[in-house]
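Please read it alongside the sequence and the coordinates.

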Amino acid sequence: MSQTVASADPIAIAATREKPPSNVAGPWAWARANLFGSWWSTAVTLVLGYLILRFASSFVSWALVHAVWTVPYDAEGRPDNAACQNAKGIGACWAVITDKYRLILFGRYPYDEQWRPAVCVVLFIGLYVVSAMRRFWRKELALIWVGTLVVIGVLMWGGVLGLPLVTEDFWGGLPLTLILATFGLAFAFPLAILVALGRRSTTLPAVKMLCVVYVELIRGVPLVALLFMASVMFPLFLPEGVNIDKLLRAQIAIILFAGAYLAEVVRAGLQALPKGQGEAADALGLSYWQKTSSIILPQALRLVIPPLVNTFIGFFKDTSLVLIIGLFDLLYMGKIALSDPPWQSFSTEVYLMLAVIYIAFCFAMSKYSRGLERELGRTHRR
Amino acid sequence: MSQTALSEHVVTQMADTKGPPIIVMDRVNKWYGSLHVLRDVSLSVAEKERVVVCGPSGSGKSTMIRCINRLEVHQEGQIVVDGTELTDDLRSLDTIRREVGMVFQSFNLFPHLTILENCTLAPIWVRKMPKAEAEEVAMNFLTRVKIPEQAKKYPGQLSGGQQQRVAIARALCMRPKIMLFDEPTSALDPEMIKEVLDVMIELAESGMTMVCVTHEMGFARRVADRVVFMDRGEIVESGTPQRMFEDPQTDRLKLFLSQILRGH
């Protein structure tokens, strides 16, 4: 199309103007604006680029090029770590992972039954994915949760449907971490909402007092201390013969602890909501619970998605503290794997693997929360 | 033109056929801490009566009408709405709030719900109306406030005037016997005030009992049966709009009117 024809048609002009010239957009323009804007930023770019390249190349050389992936086993099934010892400092010894990954992931769960915790991990992840999708946000989701958690319980314990019984003492690794985190947050979150509402109650001073005491008391104690209390002190108060399982006690401690923190986050959201919203709901004759569930909470919780997810991520990682009361979570299983003599000096590899697992879960959470904020922000503009 | 003539005719007819009192406030007192915000306020509003409450800011007029649906709690005196006395009893409160609609200065639409959902929420939950019926009622009232085409949008996508009209429709969807307006046009840009006032005039002419806090004197002249002037927590003077604006008795009202007129 010739220039004169195009300029005769205003729509065509608009079309040709739609794409900005390459010196204001595109990767090259971006690089020029952000990396080479001045001689100073050019210098920083070059120095940092050099350092990053050097680090990346030595990491690739260590982690991939010179890495030892497997080692031979002797007649007794003991791994021969000579290859790893030789490569030490030059290449990674991934053989420790290939040798120990099932111990790290599933703990002391009977080896032949480890497909069960593996299925549980898949179920947990499936549950997270389904819950994350907004089109599944209806009442049925609660049933899905209950159903999935029951299936997970049956799989982990067994004792029915021809599955051999495996008591909690043998649970460990990733399933244990996911159990503590999922049950912990699933119970702590509703608890937190009730406590936050209670703390703002104007008509029930006793409830308000109770909520304040709960939050301040739990927040004032380190989680480690709470776990110790749950595991050591709590049984002393129980009557003779009554024995609550250690895992359950730790789980309750985590729920109470997370509940107190989340309650304060939820309360911040309740406080940030304009007073007029509650008044409008009152004026329409909505009851307290109708008002709270359909007007107040949907808005208040949306306001606090970033700090909520922040707390969620924090507690996902804090579950690793249960190792101090002897529960074999993912991190503790890594330590146990490393206590095997042939692998004692290869902790970097094991901890890298654990870090990758933790990062995968935490990054998924933060990425999802940012997406959710954007999505809700689009439809709920004020 | 003929429309106006007709409605004025209706207005005069209405004024003649006022029913028994539907709101009775008897020596109501209220304090915020040590601040005495309502002093012996006595007011009786008849069925289908339209009362405009005016007064300088801080005079207690908003507090007074917020007492009528108990968004504010009075400490002394008696308030009876539609035969039910306002007390701490939650059931009587529910009954009253169902019958009393309210429109706020800051609209207070629910930003996370669509316009239609804003209007159907209370009928479905409080009146237990089937969803389809509630939506039909809502569309009816949205048409009446002239914005049915916005039903699927969210409040944030509407102008202030449109939002306030939705707020009126939302209150009407509960089929209230009484409508309270708390400075409904004060937060609006000047060019949007008229569209809201038009809806309110139409509502007044349909025979709704209305108590309206506003400084829109044109509106008061056109539809009010009675204007109540408040200052410093008490009712200073009340009467027909004509009498109040043309022949104010107290110095305080004279001062207020002069300030209002100077402002306009």
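The model is predicted, and chain A as a whole has a mean pLDDT of 83.

**Confidence**
- In chain A, 91% of the residues reach a pLDDT of 70 or more.
- Among the elements of chain A, the lowest mean pLDDT, 47, belongs to helix α1 (residues 3-8), and the highest, 92, to helix α13 (residues 275-283).

**Packing of α11(A) and α12(A)**
- Helix α11 (residues 223-237) of chain A packs against helix α12 (residues 246-272) of chain A at an angle of about 140°, and their axes lie 9 Å apart.
- Because of that angle, α11(A) is oblique to α12(A).
- On the α11(A) side, the contact is formed by A:L223, A:L226, A:L227, A:A230, A:S231, A:F234 and A:P235.
- These meet A:R249, A:A250, A:A253, A:I254 and A:F257 on the α12(A) side.
- By class, the residues of the contact between α11(A) and α12(A) comprise ten nonpolar, one polar and one charged.

**Helix α6(A) and the residue after it**
- Helix α6 of chain A spans residues 95-106, and its buried residues are A:A95, A:V96, A:I97, A:K100, A:I104, A:L105 and A:F106.
- A:G107 follows α6(A) and has a positive phi, near 65°.

Terms used: Residues are numbered from 1 along each chain as its sequence is written. Chains are lettered from A and ligands numbered from 1 in the order in which they are written. This is a predicted model: local features need pLDDT of at least 70, side-chain atom pairs count only at pLDDT 80 or more; totals for chains, interfaces and linings use all residues. Side-chain values use heavy atoms; hydrogens and water are left out. Axes are lines fitted to C-alpha atoms, for helices over the stretch in contact, and angles run from 0 to 180 degrees between N-to-C directions. Helices (H or I, at least four residues) and strands (E, at least two) are DSSP runs, numbered from the N terminus. Angles under 35 degrees count as roughly parallel, over 145 as roughly antiparallel, 65 to 115 as roughly perpendicular and the rest as oblique. Contact means heavy atoms within 4.5 Å. Ala, Val, Leu, Ile, Met, Phe, Trp, Tyr, Cys and Pro count as nonpolar, Asp, Glu, Lys and Arg as charged, and the others, Gly among them, as polar. pLDDT is the predictor's confidence in each residue, from 0 to 100. Buried means under 20% relative accessible area, exposed over 50%, partly exposed in between (1.4 Å probe, protein chains only).
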